[in-house]
Amino acid sequence: MQPRIPRQSAGEQGGRCPDGVDLDGRFSVELASAVSGARRRAVRDGDPQIDTAHLLHSLLETDAEVRALLGDGPRIARLLGYLVQRSIGYGLRWQSAVEDSGAVPVVTGAAGFSPLAAAAMKDACARADRRGAARAGGVDLLAALVVDPQARAVEVLARVAVQPHTVLARVDSHVEPTP
């Protein structure tokens with residue numbers, strides 16, 4: 001049986017980034033690593049696509065800045081606990097459905113990503129551009145993950161009482177524009 005998500009590096013995804021740009025050129029090394037981790041997690045869990053919860057889980061594991069913006073140690077532990085349970089508990093209902101709220105346009109060239117995850121990755125690159133950075137980082141993707149209230153990442157954050165507007169406010173006050 002072949003995996004449903006091709007085993008590729010973060011920069012390969014069908015030869016294209018969700019926004020049509022090579023990830024290696026647009027994402028920081030740490031963020032490219034988190035995307036690769038999300039891909040491995042989706043394959044291991046038997047999920048048809050990488051979704052926003054996979055991306056959030058990998059960000060929490062790899063990016064200390066993201067963990068700091070989301071709160072204290074106990075909150076992060078609870079958050080990771082919910083994310084780990086996705087393959088054995090509440091996340092099973094996600095395996096039969098594509099993560100798509102219909103609120104964002106479908107991003108082409110994003111094989112293996114849910115529409116919301118692809119849109120979040122594109123938005124992370126746009127956020128980096130707006131602040132003058134050459135590459136998007138984990139904090140850019142975190143902000144992009146919480147924009148759509150239908151995102152699985154938002155659902156998981158809500159379980160530990162983290163509100164999307166709070167995350168965005170923390171990111172905006174934390175990230176300074178690059179000169």
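**Exercise 1. Work out how α2 passes α3.**

Start with the handedness: α2 passes α3 in a right-handed crossing, meaning the near helix is turned clockwise from the far one by less than a right angle. Both belong to a predicted model, where local features need pLDDT of at least 70, side-chain atom pairs count only at pLDDT 80 or more, and totals for chains, interfaces and linings use all residues. Residues are numbered from 1 along each chain as its sequence is written, and side-chain values use heavy atoms, leaving out hydrogens and water.

Next, find the helices (DSSP runs of H or I, at least four residues, numbered from the N terminus): α2 is residues 29-45 and α3 is residues 52-62. Their axes, lines fitted to C-alpha atoms over the stretch in contact, come within 8 Å and cross at roughly 125°. On a 0 to 180 degree scale between N-to-C directions, that pair is therefore oblique, the label for whatever isn't under 35 degrees, over 145, or 65 to 115.

Last, look at who touches (heavy atoms within 4.5 Å): Leu31 and Ala38 are among the α2 residues, and Leu55 and Leu59 among those of α3.

**Exercise 2. List the neighbours of Leu70.**

Skip residues up to four places away in sequence; among those left, Leu70 touches Leu56, Leu60, Ile76, Leu79 and Leu142. Arg75 and Arg170 are also on the list.

Definitions and conventions. Helix = DSSP H or I, 4+ residues; strand = E, 2+ residues; numbered from the N terminus.
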